[in-house]
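I ask you to keep the sequence and the structure in view while I speak.

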Amino acid sequence: MPHNPPKPIYVGGRWRDATGSDAIAVTNPTSEEVIGFVPRGSAEDADQAVAAARAAQEGWGRTPQSERIAAVEAVYKALEARSERLTEAVVDDVGTPRRIAEKLQTSLPLAAVRDFIEAAQGIEEPERVRNSLVHRSPVGVVAAITPWNYPLLQTVGKVVPALLSGSTVVLKPSEVAPLVPYVLAEAVHEAGLPPGVFNLLSGLGPEVGAALVAHRDVDMVSFTGSTQGGRAVAAVAAGGVKRVSLELGGKSAAVVLPEADLERAVKATVSSCLLNSGQTCLAVTRLVVPRERYADAVGSAAALAARFTPGDPSDPATKQGPLVSAAQRHRVRGFIDRAVADGANVAAGGSAPPDGLERGYFARPTVIADADPRAEIAQEEVFGPVLVVLPYDDVDEAVRIANGTPYGLAGAVWGPDEESAVAVARRLRTGQVDVNGGGFNTAAPFGGMKLSGTGREFGKAGLEEYYELQAIQL
């Protein structure tokens, strides 16, 4: 085990030690070896970070927008120069295969920063509404609490729009995979943002995260994580009447219409489900197909999943890496075993460890058939490489199945043409729908309905979350 000391925290424009001596080990999910440590921050650290953000907020909010945009552009350039380090950190910390990490964990977040900068152009110009002038003002001090599965994308989705708005930030990344946010903090420091505008505080959610959410000087909480965690955040934040943005769980469905290209739909759905070892909030994890094509869909999905052989994520040939932790692996295996106990059948994969992988938190890519749409495996987010194939008899039933979970984050529709697919997509109660393979767009709003959360991230809609509106009557 390495004996390197914990990384410091970043508060008030400088790196310093946390108040306590406890540290959190960072584990490589492929080797199961400890690769570093981060501080276990305390409520006192949270108080100091919020104080630094509060002291900096008025000056940053009064800074001309052009200068704030220039500062974020400097952060972008510093991140871009660290692209290789960012990718390596994700491979080591999350277990994302390198060829996927380069594109989705590094290049996509950088593109999102560019989209935010574009969306910021002119957004603070006052709007005349009859005898009123409507101005946008920064929301204030933002507590950004981010997950481990896409550590840079989820972080820039909160930090960048906050900074552009004139708000200041205290970032609390997941302790499970905290290395990438430290690279971001280095980039912010190099870009020369004023002290206190950005602060990084590592620690545990029930300790540091809870202290930030409850803090009287935090004006907004932006949280991405589990629905259970989102409920807790919303309950605590309500006591301070804070603005809250929540991006939570999902159980997204791909609806394949009767005349759609089944082979193409199954291939795209399997790829979506298994992306990042299934640890993707918007992953399509239910494949809803016409009953007469059900057997073909199950067979095709099983054959495709079998090609995603788990392996070392640093190997360019690897399609699927490990899950992020032993706890996550235990969770995924439990869902599969309970599905079988409930009467479902495993068409591919299963809960047994993958062959030849004695170390690492690996799980088999799994396809579940013959499950009841109301069963746990078809209702709850597994957050692992598990796809459920469900049949339907008519399109109305397909829509009911797709909408028949507590979640509404993402989804997909496959049809013989765009018009028919869009017509069904408009019936889905979900924040985002891909039609015939449409790709993720960082300039478009992203967020959920129902238990998948509130508010939107990315693009202009994501930037607007960090402003207050003031109407001046003339």
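Let me begin with a term. A residue is called buried when its relative accessible area is under 20%, exposed when that value is over 50%, and partly exposed in between. With a relative accessible area of 13%, R82 is therefore buried. Please bear in mind throughout that this is a predicted model.

I stay with R82 and turn to its partner. The side chain of R82 forms a salt bridge with that of E190, at 2.8 Å from N to O. This pair connects distant parts of the chain, since R82 sits in the loop between helix 2 (65–80) and helix 3 (83–93), while E190 belongs to helix 6 (residues 179–191), 108 residues apart. Is E190 buried or exposed? Its relative accessibility is 52%, so E190 counts as exposed. Moreover, a network of salt bridges links R82, R85, E186 and E190.

How many salt bridges does the structure hold? There are 19.

R243 is partly exposed at 25%, and E468 is partly exposed at 36%.

I now turn to the helices. The axes of helix 3 and helix 4 (residues 98–120) come within 9 Å and cross at roughly 125°. The two helices are therefore oblique to each other, and their crossing is right-handed. On the side of helix 3, the contact is made by S83, E84, L86, T87, E88, V90 and V91; on the side of helix 4, it is made by R98, A101, E102, Q105, T106 and L110.

In helix 7 (residues 205–214), the buried residues include V208, G209, A211, L212 and V213. What do the buried residues of helix 7 pack against? They pack against helix 1 (43–62), strand 7 (141–145), strand 8 (168–172), strand 10 (220–224) and helix 8 (227–239).

Helix 13 (residues 395–403) has buried residues as well, including E397, A398, V399, I401 and A402. Their cover includes strand 12 (252–256), strand 13 (284–290), strand 16 (386–392) and helix 14 (418–425). At the start of helix 13, a side-chain oxygen of D394 comes to within 3.2 Å of the backbone nitrogen of D396.

Finally, I consider a loop residue. Q320 is found in the loop between helix 10 (294–306) and helix 11 (326–341). Its relative accessibility is 1%, and Q320 therefore counts as buried. A polar atom of the Q320 side chain lies 3.0 Å from the backbone oxygen of A363. Leaving aside residues up to four places away in sequence, Q320 touches several others, among them P97, L274, F308, P365 and P385.

Definitions and conventions. Residues are numbered from 1 along each chain as its sequence is written. This is a predicted model: local features need pLDDT of at least 70, side-chain atom pairs count only at pLDDT 80 or more; totals for chains, interfaces and linings use all residues. Side-chain values use heavy atoms; hydrogens and water are left out. Buried means under 20% relative accessible area, exposed over 50%, partly exposed in between (1.4 Å probe, protein chains only). Helices (H or I, at least four residues) and strands (E, at least two) are DSSP runs, numbered from the N terminus. Contact means heavy atoms within 4.5 Å. A polar contact is a pair of N or O atoms within 3.5 Å; within protein, one must be able to donate a hydrogen and the other to accept it, and residues adjacent in sequence count only if both atoms are side-chain atoms. A salt bridge is a side-chain nitrogen of Lys or Arg within 4 Å of a carboxyl oxygen of Asp or Glu. Axes are lines fitted to C-alpha atoms, for helices over the stretch in contact, and angles run from 0 to 180 degrees between N-to-C directions. Angles under 35 degrees count as roughly parallel, over 145 as roughly antiparallel, 65 to 115 as roughly perpendicular and the rest as oblique. A crossing is left-handed if the near helix is turned anticlockwise from the far one by less than a right angle, and right-handed if clockwise.
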